[in-house]
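Here is a walk through one protein model, taking its open spaces in turn and then a few points of its backbone. Please keep the sequence and the 3D view at hand while reading.

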Amino acid sequence: GAVACSQASTIETEAGPQFRDEPLVSEIYTADPSTHVWEDGRIYIYASHDIESGIPEDDLGSHFAMRDYQVLSMDRVGGPVTVHPVALDIANVPWAGRQMWAPDAAYKDGTYYLYFPAKDKEDIFRIGVATSTSPVGPFTAQPQPIQGSYSMDPNVFRDSDGTHYMYFGGIWGGQLQRWQNGVYDPNGTVDDLRQPDQPAIMPRIARMADNMLEFAETPREVMLLDEEGNPLLGGDNARRFFEGAWVFKRGDTYYFTYSTGDTHYIVYATGTSPYGPFTYRGRVLEPVQGWTSHHSITEINGQWYLSYHDTQLSGKTHLRNVKMTPLTFNEDGTIQTINPFK
Ligand code: FUB
């Protein structure tokens with residue numbers, strides 16, 4: 001039939017968009033999947049739980065007004081998916097005001113840690129942590145956000161030596177542009193630094209303390225470079241960091257992967273240290289249906305998978321559904337770009 005392109009890489013036929021993968025669950029809307037395999041060998045997905053709040057859409061993401069988390073789990077990719085009961089409700093997070101955004105989780109010495117961003121009562125994004133003896137919760141939140149945390153989209157990466165690092169940050173609604181000197185500037189811009197010829201706002205990293213509840217150091221910038229070794233620039237919208245950091249290690253190489261936000265790509269950069277610098281290498285995922293794109297990359301029984309989301313079930317940008325698809329590396333360590341449409 002006739003083929004029309006309604007946006008960058010959306011392939012539409014008369015039957016509608018032809019999606020590459022099917023949603024994992026349809027009982028609830030889910031987004032921003034952080035996929036882990038813990039010691040029991042089961043697959044756990046820590047995701048945002050999208051809801052219809054009725055709040056109008058704006059560039060700050062106010063329509064993403066989520067209030068709790070529910071963990072998904074499965075024995076194998078393609079197997080039945082369990083939607084677990086509420087793992088953490090905003091009503092049980094003393095410091096949080098609104099917007100429970102993209103979470104991640106970690107495991108250490110018998111305790112599971114759920115890391116999550118939310119706006120505090122002053123409407124400033126912070127990152128909280130909650131603990132449980134079960135991978136699916138219920139989790140008990142610490143009374144305060146992680147000291148020294150700010151902005152959103154935490155990713156807690158466990159290095160092969162057992163050290164954990166948190167990567168975090170996101171611009172525009174994620175407020176990272178207001179933290180350029182380590183203190184909150186309420187008069188900072190609402191989007192980016194508006195300096196297209198200057199280095200872009202860079203994501204942040206902090207090593208986690210042994211107790212996994214605190215930073216062991218003041219957060220610092222993670223430098224993202226182009227192929228010539230120069231920082232990616234603020235005006236380089238197709239490559240500069242926007243949100244959704246996810247780090248993994250393959251062999252001796254650290255992959256820093258992230259969303260470019262307003263250009264809707266998931267891209268990656270590589271380096272030889274968890275602190276970077278990371279050099280831009282290319283795209284992981286072309287634009288999905290919906291404005292946001294947010295992902296994780298996980299090795300499961302020797303096969304790598306991309307977890308991602310789109311809006312196949314709702315057609316609405318704030319009501320998303322998570323998906324998984326195999327990810328392939330080339331012999332030189334580069335990633336084969338995935339098209340979310342057939
Ligand atoms: O789900 C809310 C926000 O939208 C996330 O924190 C961002 O990464 C984007 O997916």
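A pocket, as the word is used here, is an open set of grid points with protein on both sides within 12 Å along at least five of seven lines. A volume is the space filled by probe spheres set on such points. The model to which these terms are applied is a predicted one.

Begin with the largest pocket, which holds about 680 Å³ of space. It is lined by 26 residues, and those closest to its centre are H36, V37, W38, F157 and R158. Several strands contribute to this lining: β4 (29-37), β9 (104-108), β13 (155-158), β18 (243-250) and β22 (296-300) each supply at least two of its residues. Sorted by class, the lining of the largest pocket consists of 12 nonpolar, 7 polar and 7 charged residues.

The second largest pocket comes next, with about 350 Å³ of space. Its lining is made up of 24 residues, and G61, F64, E243, W291 and T292 are the closest to its centre. By class, the lining of this second largest pocket has 10 nonpolar, 7 polar and 7 charged residues.

In D153, an N or O atom of the side chain is 2.5 Å from a ligand oxygen. For H294, the distance from a polar side-chain atom to an oxygen of the ligand is 2.6 Å. R320 also has a polar side-chain atom by a ligand oxygen, at 2.7 Å. How much of the ligand's accessible area does the protein cover? On its own the ligand has 270 Å² of accessible area, and the protein covers 99% of that.

A cavity differs from a pocket because a 1.4 Å probe fits in it but cannot get out. A search of the whole structure finds 1 cavity of 30 Å³ or more. The residues that line it are S34, A102, P103, D153, P154, N155, A245, W246 and H294. Of these lining residues, 5 are nonpolar, 3 are polar and 1 is charged.

The backbone remains. Most peptide bonds are trans, and most residues other than glycine have a negative phi. Where does the model depart from this? The peptide bond from G137 to P138 is cis, with omega near 5°. P138 is placed in the loop between β11 (125-132) and β12 (140-141). A cis peptide bond also runs from G276 to P277, with omega near 0°. The loop that holds P277 lies between β20 (266-271) and β21 (278-285). As for phi, S151 is a residue other than glycine with a positive value, near 60°. S151 belongs to the loop between β12 and β13.

Terms used
Residues numbered from 1 in each chain as written. Predicted model: local features only at pLDDT ≥ 70, side-chain atom pairs only at ≥ 80, totals over all residues. Heavy atoms only, no water. 1 Å grid on protein atoms, 1.4 Å probe; cavity = no way out; pocket = protein on both sides within 12 Å on 5 of 7 lines; lining within 4 Å. Nonpolar A, V, L, I, M, F, W, Y, C, P; charged D, E, K, R; others polar. Polar contact = N/O pair within 3.5 Å; in protein donor to acceptor, adjacent residues only side chain to side chain. Areas by Shrake-Rupley, 256 points an atom, 1.4 Å probe, with all protein chains shown as cover. Helix = DSSP H or I, 4+ residues; strand = E, 2+ residues; numbered from the N terminus.
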